[in-house]
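Me: Please take me through this model one feature at a time, giving the general idea and then the case at hand. I would like to start with contacts.

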Amino acid sequence: MPRMPIRALEFFSGIGGLHYGLERADPTATVLASFDMNQNANACYHANFGFKPSTTSIDTLSLQAVERFGANCWLLSPPCQPFTQGGKRLDHEDKRSLALLHLIDLLGQISAPPDFVFLENVPNFEVSVCRSRLVECLDARNYDIREFLVSPVQIGVANDRRRYYLCARRRSADAPKSDTPYLQAPRVITTMLSDPVKTFSQPGSDSDGRDTEPAWKPTPPQISSYLQPLEDVSPHLVPQEYILKRKSFRFDLVKPTDRISSCFTKAYGSHHVIGSGSFLQTERLDVRVLAFNIVLRRSPLTGVAAQVEFAVDDGPSVVAARPRFFRPTEVARLHGFPIDGPPRGDPRLHAMAFPDSLSVAQQLKLLGNSLSVDVVAHLLSGLLAANAD
Ligand SMILES: C[S@@+](CC[C@H](N)C(=O)[O-])C[C@H]1O[C@@H](n2cnc3c(N)ncnc32)[C@H](O)[C@@H]1O
């Protein structure tokens, strides 16, 4: 069967993480339009893709306006605050869920539903009312669905960013309806990644909900391969007062030779330094910065709690290690954004750069809100492979 060209709509586009992931999965794909209300994100998007996302609030889009695009693929990365662990978890009752709920409504009514739907969100989304509404709508409209809770470290990236992903593809009208275990419970969610082409062809879990896919665990490169050489690290050091005013430290200090960094959130680079992402040790590289308490970190690769990563209660040792913030280009690289030019040198693909108008703090905030382009590309390759069936 001839392959249908992918014509996508990108909702909640931010700095275009889903766009980059899509074109890496399918260089012939086109994004027809993007939607986001954040002016800084849109400035970055425009600078890289050459067109401006619509600033119309997604919850006010009419059915006719969406139908007019004739898109066969919807990409969504709605706000995560209604579902985050630290938040109030108001789920469908949070006004930030309105836009997603509206899109679910539109999907229920649209005369020509997209062949593919892809969504990214935080862990906890899988147990939300929003997720149930989305899955029920997709089921009613004849989609097969696969859901994942996975991290880029599982595909050989030196960053841990565990996220929820939903891949849905529409069955042809005459195809038999498959089992719909996803309607009963989220326990069928796949937590392992295999070769992309197996994304849809292999069952993710057995009847007890255990993952059955073979674990595919390439070793990430050292963090040094993501770093930008700096003439002077001083302007980028974590201020001493941030370190010394804490009684107990929960900084994630990593060395250039490490192979894992922690999840960068939108608070990274602000004064909320704890738990928002890793800091890079620039001195005393021959030793791990240790103090009285040793915190063991569970390796997402091996599941083994083995690495000593944190310094606790010893501010002077942390200061002596001169931890610095990761630079926006480094975080972008860890997230898989094509900061070094189009992937594979393919002229059909876009590169990524931040416009000069955005401060470092704004860049880091946008990156913290974004996603792993690597995981998106991996999963979309599998989802869209169904297009060639
Ligand atoms: C989790 S971020 C998505 C980030 C994006 N995937 C990226 O790669 O940068 C959610 C985005 O949704 C946008 N947003 C939230 N509510 C919106 C609405 N009602 N209409 C349009 N955009 C909205 C926010 O401005 C934010 O950029």
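Reply: Ser-276 touches Cys-263, Phe-264, Thr-265, Ala-267 and Tyr-268, leaving aside residues up to four places away in sequence, where a contact means heavy atoms within 4.5 Å. The model is predicted, with local features requiring pLDDT of at least 70 and side-chain atom pairs pLDDT 80 or more, while totals for chains, interfaces and linings use all residues. Numbering runs from 1 along each chain as its sequence is written, and side-chain values use heavy atoms, without hydrogens and water.

Me: Where is Ser-276 found, and is Ser-276 buried or exposed?

Reply: Ser-276 sits in the loop between strand S7 (252–254) and strand S8 (278–281), the elements being DSSP runs numbered from the N terminus (helices H or I, at least four residues; strands E, at least two). Because its relative accessible area is 1%, Ser-276 is buried (buried is under 20%, exposed over 50%, partly exposed in between, with a 1.4 Å probe and protein chains only).

Me: How far apart are Asn-40 and Gln-362 in sequence and in space?

Reply: Asn-40 and Gln-362 are 322 residues apart in sequence and 7.6 Å apart in space, taken C-alpha to C-alpha. Asn-40 belongs to helix H2 (residues 39–49) and touches Leu-358, Gln-362 and Leu-366, again not counting residues up to four places away in sequence. Asn-40 counts as partly exposed because its relative accessibility is 29%.

Me: Why is H1 described as largely enclosed by the rest of the structure?

Reply: Seven of the nine residues of H1 are buried, so the helix is largely enclosed by the rest of the structure. The buried residues are Gly-17, Leu-18, His-19, Tyr-20, Gly-21, Leu-22 and Glu-23, and what covers them includes strand S1 (7–11), strand S2 (30–35), H2, S3, S4 and helix H11 (373–385).

Me: How should I read a pocket, and what volume does the largest pocket have?

Reply: Rolling a probe the size of a water molecule over the atoms shows where empty space is left. The largest pocket has a volume of about 1200 Å³; on a 1 Å grid over the protein atoms alone, a pocket is an open set of points where a 1.4 Å probe fits, with protein on both sides within 12 Å along at least five of seven lines, and lining residues have an atom within 4 Å of a point. Of the 48 lining residues, the closest to its centre are Pro-78, Pro-79, Cys-80, Gln-81 and Asn-369. Helix H1 (17–25), helix H4 (98–109), strand S4 (116–121) and helix H10 (360–369) are the elements giving two or more residues to this lining, and H10 gives the most, with four residues.

Me: What does UniProt place at Cys-80?

Reply: The UniProt record, an unreviewed entry, places the feature "active site" at Cys-80, and such annotations may be inferred rather than shown by experiment. Cys-80 is found in the loop between strand S3 (73–76) and H4 and touches Asn-121 and Val-122, not counting residues up to four places away in sequence. Cys-80 counts as partly exposed because its relative accessibility is 24%.

Me: Which phi value does Asp-91 have?

Reply: Most residues other than glycine have a negative phi. Asp-91 has a positive phi of about 55° although it is not a glycine, and this residue lies in the loop between S3 and H4. Asn-142, also not a glycine, has a positive phi of about 80° and lies in the loop between helix H5 (129–140) and strand S5 (143–150).

How values were computed: Grid points are joined across faces, edges and corners, and a volume is the space filled by probe spheres set on the points.
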